[in-house]
Amino acid sequence: MSCLYVVGAGGHGKVAAEAAESTGRWSEIVFIDQKYPELERCGVWPVVGGSLDEVAPAASDYFIAIGDNLTRYRVFKAFEEQGFNPVNIVHSSAFVSRHSQVAKGSLICSGAVLGVGAVISECCVINTSASVDHDCVLGKSVHLSPGVHLAGAVSVGDFSWLGTGVSTKQVVRIGANVVVGVGAAVVSDLDQAGVYIGVPAKPIQRL
Ligand SMILES: CC(C)(COP(=O)(O)OP(=O)(O)OC[C@H]1O[C@@H](n2cnc3c(N)ncnc32)[C@H](O)[C@@H]1OP(=O)(O)O)[C@@H](O)C(=O)NCCC(=O)NCCS
């Protein structure tokens, strides 16, 4: 049993800590946040420092709980290069097929479902009650918000963010750096980076 350092003491961090606690894998869970020492707690967990490298012993387990996809990935890689140990967190109530893959740095939240053959790359967030059906492939640092439903064999590119309740048709390809707004239905490929909304999902602006 060991200590898990969660970087980012916000709401998302609290969700990550609770998921980590549900696994029983760590005897202690603490937060690192730049707001330390003014910020002393995140939910029931203590904030113990402002920077991981100043506080944590070498090779400590860490998890980055920063909402912004690009920032989360950059911070994740920086600490990995410094020799800390990146972990993934899978909530005890999630269903994760033994024939799926979840890379380091990813969070699978309560009630989420990962189907057979699903591949989740580094630093992704599969949020509360989201489902990723068979043979879906997610690039790095993708965020599926609560209640997203990907049908079978869908791909989502690096750093893309699907808002709450987004649903997709099977086999569609969503490119990198795509944002899909709350409640949209993706029924055809979204290849270009940009923001898409509606049923069916259409672009509203280019990034
Ligand atoms: C799509 C989104 C990114 C757009 O954000 P934004 O660029 O700040 O856009 P705005 O909120 O200024 O809205 C711009 C217009 O699009 C409309 N709009 C925004 N999101 C929409 C959506 N999901 N569906 C339909 N219309 C939407 C707004 O009503 C507004 O219309 P108007 O110009 O006629 O008033 C955002 O609304 C969204 O859906 N984010 C996802 C949030 C989420 O899922 N969070 C989960 C966190 S875990």
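Guide: Buried means under 20% relative accessible area, exposed means over 50%, and partly exposed lies in between, with a 1.4 Å probe and protein chains only. This is a predicted model, in which local features need pLDDT of at least 70 and side-chain atom pairs count only at pLDDT 80 or more, while totals for chains, interfaces and linings use all residues. Residues are numbered from 1 along each chain as its sequence is written, and side-chain values use heavy atoms, with hydrogens and water left out.

Visitor: Why is Ser60 called buried?

Guide: Its relative accessibility is 9%, and the limit is under 20%, so Ser60 counts as buried.

Visitor: Where is Ser60 found, and what does Ser60 touch?

Guide: Ser60 sits in the loop between helix H2 (52-55) and S5. Helices (H or I, at least four residues) and strands (E, at least two) are DSSP runs, numbered from the N terminus. Leaving out residues up to four places away in sequence, Ser60 touches Tyr5, Phe84 and Asn85, where contact means heavy atoms within 4.5 Å.

Visitor: Is Tyr36 buried, exposed or partly exposed, and how do you know that?

Guide: The relative accessible area of Tyr36 is 35%, so Tyr36 is partly exposed. Tyr36 is found in the loop between strand S2 (26-32) and strand S3 (41-42). Beyond four places in sequence, Tyr36 touches Val47, Val48, Gly49 and Gly50.

Visitor: How do you know how many disulfides the structure holds?

Guide: A disulfide is a pair of cysteine sulfur atoms within 2.5 Å, and the structure holds zero. The sulfur of Cys3 is 14 Å from the closest cysteine sulfur, in Cys42, and therefore too far for a bond. For Cys124 the closest cysteine sulfur is in Cys123, at 7.7 Å, again too far. Cys124 is buried, because its relative accessible area is 0%.

Visitor: What makes Tyr62 and Phe79 an aromatic pair, and why is the pair called edge-to-face?

Guide: Rings of Phe, Tyr and Trp (its six-membered ring) pair if their centres lie within 6.5 Å; planes under 30 degrees apart count as stacked, over 60 as edge-to-face and the rest as tilted. The centres of Tyr62 and Phe79 are 6.0 Å apart and the planes are at 70°, an edge-to-face pair. The pair links distant parts of the chain, with Tyr62 in strand S5 (residues 61-64) and Phe79 in helix H3 (residues 69-81). Tyr62 is buried at 1%, and Phe79 is buried at 11%. By this rule there are seven aromatic pairs.

Visitor: What makes a nonpolar core, and which residues touch the most other members of the largest one?

Guide: A nonpolar core is a set of buried Ala, Val, Leu, Ile, Met, Phe, Trp, Tyr and Cys residues joined through side-chain atoms within 4.5 Å. The largest has 29 residues, of which Ile126, Val132, Leu138, Leu144, Leu150 and Leu162 touch the most other members. A second, separate core of 20 residues includes Leu4, Ala17, Trp26 and Phe63.
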